[in-house]
Amino acid sequence: MTETPSRPAPRKRRKAVRRLVITFVVLLGLLVVADFAAAAVFEYQVSKRAREQFSLSDDPSVKVGGFSFLAQAVSGEYGHVMIDAKGVPVEDTLRDLEVHIELRDVQAPLGDLVSGSLQEVKVREVEGQVKVKASDVNRAVAQNESAAIRSITNLTIDPVSEQDVATNPDDRTAAEQEAAERAAEQEIEDTTAGARICATVDVGGEETELCAFGIISLVDAKMTFTPGRLELRNSVLGSGELPPVLDTAAKQALTFTLDPGELPFTVTPTAVTVDSGVLSVKGTASDVVLGG
């Protein structure tokens, strides 16, 4: 008579499985901790180089994109790194700029990174952006001298299509509105962008809510705003258009040129953009060395 082999007790099997699961979880946790620690070291090294390159008072924020930093570190190549610096001053008028940089295909050898001897970081492509906030724009236009406009406060910025700068949508026929919408859909990021800049202005002792629809242009790395048409709301003058003399004075008062300085890493400015509360200059560069 053949004897049936005895089977392991179910309790022993459960204990073995539990030990394997615990071991796996511990190893996974250690890998995650090591991944975060290695990323922190890399981000510190890049932040230190960026601070020197920008002449900043504080280290900028650095974040490495992509899953598993360690896998990227072993190869010494990182697909996407983002650098952000806030509160960057340029002369006296622009005091609160934001700088956003995206680095793609970054090379930093693991040995140099671990030893702390990393001297330079090679980058295949850089996209840089400098943002000017509404508060800085308000400070710039407040310096404009105008006999008719005594003060400009509470300035706001919003994007509009270049079509809406040229004509008021309320004044268009259905066919003109359709054509304007088609043209707006074809607008791309380039050296001009439509903007609506509104502010509270003092005209002859009366506070007026004034909105200027105009074009932001990029010329010689500087941003210039040229008002095209104005809209106002005033308790005395009502809503609508300003008298010709005041219209000219208001447009002059709201015309400004901003020089946000050079973009980082010799990035060449190629476009201006308008977002809510912000004007930006963008550009790209190739084969850049950080800290070299």
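Reader: Why is Ser280 called buried?
Author: This is a predicted model, and in it Ser280 has 0% relative accessibility. Buried means under 20%. Therefore Ser280 counts as buried.

Reader: What makes the link between Ser280 and Gln129 a polar contact?
Author: The two side chains come to 3.2 Å. The cut-off for such a pair of N or O atoms is within 3.5 Å.

Reader: Which residues is Ser280 in contact with, leaving aside neighbours within four places in sequence?
Author: Gln129 is on the list again, with Val130, Lys131, Met223, Ala271, Val272 and Thr273. Ser280 itself sits in strand S12.

Reader: How do you know that S11 and S12 pair?
Author: Seven bridges join S11 (residues 268-275) to S12 (residues 278-290). Pairing needs at least two, so these strands pair. They run antiparallel. Thr268 faces Thr284 of S12. Two residues lie between the strands of this hairpin, where Gly277 has a positive phi near 80 degrees.

Reader: What makes S3 and S4 a pair?
Author: Nine bridges connect S3 (residues 94-107) with S4 (residues 121-133), in the antiparallel sense. At least two are required, so S3 and S4 qualify. Gln107 stands opposite Lys122 in S4.

Reader: What is the strand order in the open sheet?
Author: The six strands run S1-S2-S3-S4-S12-S11, with antiparallel pairing. S1 (61-64) and S11 are the edge strands, since each pairs on one side only. Neighbouring strands are turned by 20 degrees against each other on average, direction ignored. Helix H4 (residues 134-141) packs on the sheet and touches S3, S4 and S12.

Conventions. Residues numbered from 1 in each chain as written. Predicted model: local features only at pLDDT ≥ 70, side-chain atom pairs only at ≥ 80, totals over all residues. Heavy atoms only, no water. Helix = DSSP H or I, 4+ residues; strand = E, 2+ residues; numbered from the N terminus. Axes fitted to C-alpha atoms, helices over the stretch in contact; angles between N-to-C directions. Contact = heavy atoms within 4.5 Å. Buried < 20%, exposed > 50% of the residue type's maximum accessible area, 1.4 Å probe, protein only. Polar contact = N/O pair within 3.5 Å; in protein donor to acceptor, adjacent residues only side chain to side chain.
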